[in-house]
Amino acid sequence: MRADGLIEPCQRDSRHFYFLRWCQTRATWRRVHRDVTKSQRGQFAIRFQYLFPQLGPPPRYYNIHDDSIESTAQILANDVIRYLLKEDIYLISQDPVSRSMRHNVYQMLNKHSILFTSMVNRLNVVPDTAYETFVGVANELFLHDVITWARIVCLYAFMGRLALWARDRRMHSLKKKLPLYVSRYVGENITHFIKGYGGWEQLCVEYPVAEEISGAVWRSLLMTGATLGLVATILSVTS
């Protein structure tokens, strides 16, 4: 600084440079903080809805006017796999259709654990022919176009047990493809049945969640699970 109090040009430029750097750093920090805060809010909202579904927004209902039958089939399959494998549990849906599907799948697998396990082991699925094997089981399950909601639940139970089998053998690519297998098969073979009932919501009427289920409904599910044992026997003999 000169004796007259004026700042030398080089000193003035230096102070201006540091002031600009400070402004830029502050703006960058605010932008990063805003993005991180937004991401954290999103994760918190998802987990809060999972822990306290009664306080969350109204449940989403699937129907033929909202999501297609095929895409909903894939959503339900992903939900069942997350539930059974305990993966990304904060993403598990709390809508009535998803709850009905995964609870009844879990109960069917629990009641017929030995049957499903032995069936999947005997199939000896390999990645190259995985879809053909899946279709073979599904075709036997819906033989002669006999489609019921219980058999649809059974199809998802088979897929869920196959997902557990694939995880245990580190066949991660197969595990990821299973929801696509279900979606494709439903789209090609079962869509007309579900549309005839007005959409996936009918599953909640036919097979409500476990705490609401009646003895007659359970007998239907258990008989369908036993039917899958016959499917396994047929496939093992004809393969």
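## Burial and overall make-up

A residue is called buried when its relative accessible area is under 20%, exposed when that area is over 50%, and partly exposed in between, with a 1.4 Å probe and protein chains only. By this definition, buried residues make up 37% of the 239 residues in the protein chain. The structure is a predicted model, in which local features need pLDDT of at least 70 and side-chain atom pairs count only at pLDDT 80 or more, while totals for chains, interfaces and linings use all residues. Residues are numbered from 1 along each chain as its sequence is written, and side-chain values use heavy atoms, with hydrogens and water left out.

The protein chain holds 10 helices and zero strands, where helices (H or I, at least four residues) and strands (E, at least two) are DSSP runs numbered from the N terminus. Read from the N terminus on, the elements therefore run α-α-α-α-α-α-α-α-α-α. The accessible surface of the protein chain comes to about 14000 Å² (Shrake-Rupley method, 1.4 Å probe; for residues, only the protein chains shown count as cover), and 56% of that surface belongs to carbon and sulfur atoms. With a contact taken as heavy atoms within 4.5 Å, 74% of the contacts between residues at least 6 apart in sequence join residues at least 24 apart.

## Salt bridges

A search of the whole structure finds four salt bridges, each being a side-chain nitrogen of Lys or Arg within 4 Å of a carboxyl oxygen of Asp or Glu. One of them joins the side chains of Arg 102 and Asp 79, at 2.7 Å from N to O. Arg 102 belongs to helix α3 and Asp 79 to helix α2 (residues 69-85), so this pair ties together parts that are 23 residues apart in sequence. Arg 102 and Asp 79 are both buried.

Another salt bridge, at 3.2 Å from N to O, is formed by the side chains of Lys 175 and Glu 87. This pair links distant parts of the chain, since Lys 175 lies in helix α7 (residues 172-189) and Glu 87 in the loop between α2 and α3, 88 residues apart. Lys 175 counts as buried because its relative accessible area is 12%, whereas Glu 87, with a relative accessible area of 27%, is partly exposed. The side chains of Arg 167 and Asp 168 also meet in a salt bridge, at 3.2 Å from N to O, and Arg 167 counts as partly exposed at 32% relative accessibility.

Ser 98 lies in helix α3, which covers residues 96-111, and Ser 98 counts as buried because its relative accessibility is 1%. Its side chain is joined to that of Asp 95 by a polar contact of 2.8 Å. A polar contact is a pair of N or O atoms within 3.5 Å; within protein, one atom must be able to donate a hydrogen and the other to accept it, and residues adjacent in sequence count only if both atoms are side-chain atoms.

## Positive phi angles in two loops

Asn 124 has a phi near 50°, a positive value in a residue other than glycine. Asn 124 sits in the loop between α4 (113-123) and α5 (130-141), and with a relative accessible area of 53% it is exposed.

Asp 145, which is not a glycine either, has a positive phi of about 60°. The loop between α5 and α6 (149-168) contains Asp 145, and this residue counts as exposed because its relative accessible area is 69%.
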